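Please consult the sequence and structure shown below while reading.

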Amino acid sequence: MYIRELADRTGITPDTIRFYEKLNLLQGNRQSRRGHRQYDESHVAGLLQIKFIKAMGFTLKDIQEKFVDWRAGKLTNFEKRAILAAQLQKMDEAAAEIDQVRAYLRKKIGLFPD
């Protein structure tokens, strides 16, 4: 498949896909005779995995540093668990901050009578 179909199937723009290629987060693309990149189901799966990892709050730098080794099978279960636990802690802290701001806003909204 070409980049446009890959983008449609993953919801990731062609420019972002090319950027991920430059960061070596997406590998194995081939060139057709006309010089167009071609992709297969493994690229779809890889991009969806990156999308999911980003949704967990990991940065592209995190993905470059940690998840390349993860996918290559270079991390122990203990190391994988530690990575995920640390990220969960960060997300819990961020959620607590958001809850505080929401409570503040609710209080402020209550100060304005109808």
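Does arginine 9 count as buried, partly exposed or exposed? At 39% relative accessibility, arginine 9 counts as partly exposed, where buried means under 20% relative accessible area, exposed over 50%, and partly exposed in between (1.4 Å probe, protein chains only). The model is predicted, so that local features need pLDDT of at least 70 and side-chain atom pairs count only at pLDDT 80 or more, while totals for chains, interfaces and linings use all residues. Residues are numbered from 1 along each chain as its sequence is written, and side-chain values use heavy atoms, with hydrogens and water left out.

**Salt bridges**

- Six salt bridges are found in the whole structure, each being a side-chain nitrogen of Lys or Arg within 4 Å of a carboxyl oxygen of Asp or Glu.
- Arginine 9 pairs with glutamate 41, and their closest N and O atoms are 2.7 Å apart.
- Because arginine 9 lies in helix α1 (residues 3-10) and glutamate 41 in helix α3, this pair ties together parts that are 32 residues apart in sequence; helices (H or I, at least four residues) and strands (E, at least two) are DSSP runs, numbered from the N terminus.
- Glutamate 41 is partly exposed, at 48% relative accessibility.
- Arginine 37 forms a salt bridge with glutamate 21, with 2.7 Å between the closest N and O atoms.
- This pair links distant parts of the chain, 16 residues apart: arginine 37 belongs to strand β2 (residues 37-38) and glutamate 21 to helix α2.
- Glutamate 21 counts as buried at 11% relative accessibility, whereas arginine 37 counts as partly exposed at 30%.

**Largest pocket**

- The largest pocket has a volume of about 170 Å³.
- A pocket is an open set of points on a 1 Å grid over the protein atoms alone, with protein on both sides within 12 Å along at least five of seven lines; lining residues have an atom within 4 Å of a point.
- The volume is the space filled by probe spheres set on the points, which are joined across faces, edges and corners.
- Among the lining residues are Asn24, Ser42, His43, Val68 and Arg71.
- Helix α3 gives the most to the lining, with three residues.
- Asparagine 24 lies in the loop between α2 (14-22) and β1 (30-31) and has a positive phi of about 65° although it is not a glycine.

**Surface patch**

- Val101, Tyr104, Leu105 and Ile109 form a nonpolar surface patch, with about 420 Å² of accessible area together.
- Such patches are made of residues with over 30% relative accessible area and no salt bridge, nonpolar side chains (Val, Leu, Ile, Met, Phe, Trp, Tyr) being joined within 5 Å; accessible areas come from the Shrake-Rupley method with a 1.4 Å probe.
- Valine 101 is found in helix α5 (residues 77-110).

Technical notes. 1 Å grid on protein atoms, 1.4 Å probe; cavity = no way out; pocket = protein on both sides within 12 Å on 5 of 7 lines; lining within 4 Å. Patch = residues over 30% accessible without salt bridge, like charges linked within 9 Å, V, L, I, M, F, W, Y side chains within 5 Å.
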